[in-house]
Amino acid sequence: MTTLNERATVRRPPARRQPVRARPEHVLVPIGLGAAAVIALWWHDTPAITGFGDWLTNAGRITGLLAGFAAVVLVALMARIPALERGVGTDRLARWHAMGGRYMVWLVVAHALLIIWGYAVTAHTDPIHQTKTLLLSYPDVLMGTVAALLFVGVGIVSARAARRRMRYETWYYLHFYTYLAIALAFSHQFATGADFMASLPARVLWSALYITVGALLVWFRITVPLWRAFRHGMRVEGVYHEGPGVVSVWVRGRHLDELRAEPGQFFRWRFLTRDLWWAANPYSLSAPARPDMLRVTVKNFGEHSAGLSRLRPGTRVFAEGPYGAFTAGRRRQRKVLLLAGGVGITPIRTLFETLPAAPGDLTLVYRATDWSDVVFQEELRRIAEARGAALYYLVGSRRDLGGDPLSPQVLTRILPDLSAHDVYVCGPDGMANAAKAALHQAGVPRRRIHHESFEF
């Protein structure tokens, strides 16, 4: 078996049609218009409001409608639509999803409390008695209650403090209860919602919204990955140790150029062994994609990543992607600084090899605590020599280096014209956040600091 020495050679991808990329406003504007349409629906179907009870009840109706719309938006954000993934970026979509999820949970809670309070005021009874009446006498209110409890439960386990205490896979599978909650809430809205019970157009439009987003979810998260698994027939070609606890996995397949994977992107990898098949983890490409081969490089951070070192050649691979917007498409300036920390070198290494740049316009700064954490030294040296690029290592603890090696002073000492660069940053979140702050202090505008987190 060959040692795949060609993995370190400089390759530039052939010219091809650029994929469609959505911009953030292409997502945020429709969301805003949709929310306005929901308010308009309530306004159209609402008679004159009289009394405190009516005000409370209609506030409950508004929050319920907005919660139902938010549920559809949250699913659409995570449907892995290629134009959104490549243009907006997976990490930004995930942040919007998390923020929107918190708003939705509060809308659901507000809806329940306002409806109970409003009905109680109108009926001249107390909220506890009114709650019993709603649960026992109104159709599908119990179903809506179960949906609300599921939404709140998923919101609790998704809180940062709770997520730190559980495995990613546990949280991931608990998150599937959201789909059950959405189905129950949809039925509850049609059975009891004043805006839908007497309006056929409203029911048709609301159903079309849910069906469209559901179809996108099934297509991009199930149908397309299954078809690609059959089409490309990926299998492990070999596993190579790059350093202590770090391995590269080469995956061979057919027609891989059809995936249109760009340097800086990642896939969600599922290796079909007895111990690994149930988890799909995001790993960046650590070498430019070839028509017959892909490479990922992974550091041992847990059970799944540790298991990759035991993969055998011929193991079937199921890969979803490519995802992410940490690509050359974000570039604005002629000069580029690539700033990597630890195993964050993986997407940076592909950009270092492929970003179009004249000699002297491309710089890579690699930060690590110890030389044992540095990988691809020989590959990076060859790429730097071939491209006339600058390569710097900042290795050691802060105490050993006499301060913060990524401070504005150090970075501007390396690149006096740092403010004229685009900067790509990838590394542990703490390092990346500190680096972004230092770059901004050094005069690099935020719009030219590109970062994508893989801790979803």
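Reader: Which residues touch the most other members of the largest nonpolar core?

Author: Happy to start there: M104 and F151 do, in a core of 38 residues. A nonpolar core is a set of buried Ala, Val, Leu, Ile, Met, Phe, Trp, Tyr and Cys residues joined through side-chain atoms within 4.5 Å. This is a predicted model, where local features need pLDDT of at least 70, side-chain atom pairs count only at pLDDT 80 or more, and totals for chains, interfaces and linings use all residues. Residues are numbered from 1 along each chain as its sequence is written, and side-chain values use heavy atoms, leaving out hydrogens and water.

Reader: Why is V146 called partly exposed?

Author: Its relative accessibility is 35%. Buried means under 20% relative accessible area and exposed over 50%, with partly exposed in between (1.4 Å probe, protein chains only), so V146 counts as partly exposed.

Reader: What makes the W227 and F230 pair tilted?

Author: Ring centres of Phe, Tyr and Trp (its six-membered ring) must lie within 6.5 Å to pair; planes under 30 degrees apart are stacked, over 60 edge-to-face, and the rest tilted. W227 and F230 are 5.9 Å centre to centre with 40 degrees between the planes, hence a tilted pair.

Reader: And how do you know that Y366 and Y393 form a tilted pair?

Author: Their values are 5.8 Å centre to centre and 35 degrees between the planes, which again gives a tilted pair.

Reader: Is Y366 buried or exposed?

Author: Y366 has a relative accessible area of 0%, so Y366 is buried. Y393, at 26%, is partly exposed.
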